[in-house]
Amino acid sequence: MRIAVCGIACEKCPRRLNGKCPYGEAGCVPKKDDICKISSCAAYKAIKYCFECTEFPCDLTRLGPVKYEYCKYISS
């Protein structure tokens with residue numbers, strides 16, 4: 001099962017199941033990203049998952065991807 005950098009299971013995302021994932025087959029991975037602040041942060045810190053960070057949980061992960069509304073893809 002593919003897990004996004006924030007911990008969401010990509011395989012359960014309706015957008016991904018319908019072939020409409022904005023990140024394609026790679027899913028959400030750490031990279032400079034205007035949509036996902038968590039992905040950008042992980043890329044900057046050179047980690048694959050948030051829980052690998054020494055600052056985890058931080059303010060960014062406490063709010064989570066749904067709070068930032070860029071995971072509106074989940075319900076679409």
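## Contacts of a loop lysine

Two residues are in contact when heavy atoms of theirs lie within 4.5 Å. In this predicted model, and leaving aside its neighbours within four places in sequence, Lys48 is in contact with Val5 and Pro30. Lys48 belongs to the loop between helix 2 and helix 3, the latter spanning residues 59–67. Its relative accessibility is 52%, and because exposed means over 50%, Lys48 counts as exposed.

## The nonpolar core

Val5, one of the contacts of Lys48, is also a member of the largest nonpolar core, which has 12 residues. Besides Val5, that core includes Ala4, Cys10, Tyr23, Cys28, Cys36, Ile38, Ala42, Ile47, Cys50, Cys53 and Leu60.

Ser40 is placed in helix 2, which covers residues 37–45. Because buried means under 20% relative accessible area, Ser40, at 18% relative accessibility, counts as buried. Leaving aside its neighbours within four places in sequence, Ser40 is in contact with Lys31, Lys32 and Asp33.

## The aromatic pair

The structure holds 1 aromatic pair. Tyr49 and Phe51 form this pair, which is stacked, with 5.5 Å from centre to centre and 5 degrees between the planes. Phe51 counts as exposed, because its relative accessibility is 57%.

How values were computed. Residues are numbered from 1 along each chain as its sequence is written. This is a predicted model: local features need pLDDT of at least 70, side-chain atom pairs count only at pLDDT 80 or more; totals for chains, interfaces and linings use all residues. Side-chain values use heavy atoms; hydrogens and water are left out. A nonpolar core is a set of buried Ala, Val, Leu, Ile, Met, Phe, Trp, Tyr and Cys residues joined through side-chain atoms within 4.5 Å. Buried means under 20% relative accessible area, exposed over 50%, partly exposed in between (1.4 Å probe, protein chains only). Rings of Phe, Tyr and Trp (its six-membered ring) pair if their centres lie within 6.5 Å; planes under 30 degrees apart count as stacked, over 60 as edge-to-face and the rest as tilted. Helices (H or I, at least four residues) and strands (E, at least two) are DSSP runs, numbered from the N terminus.
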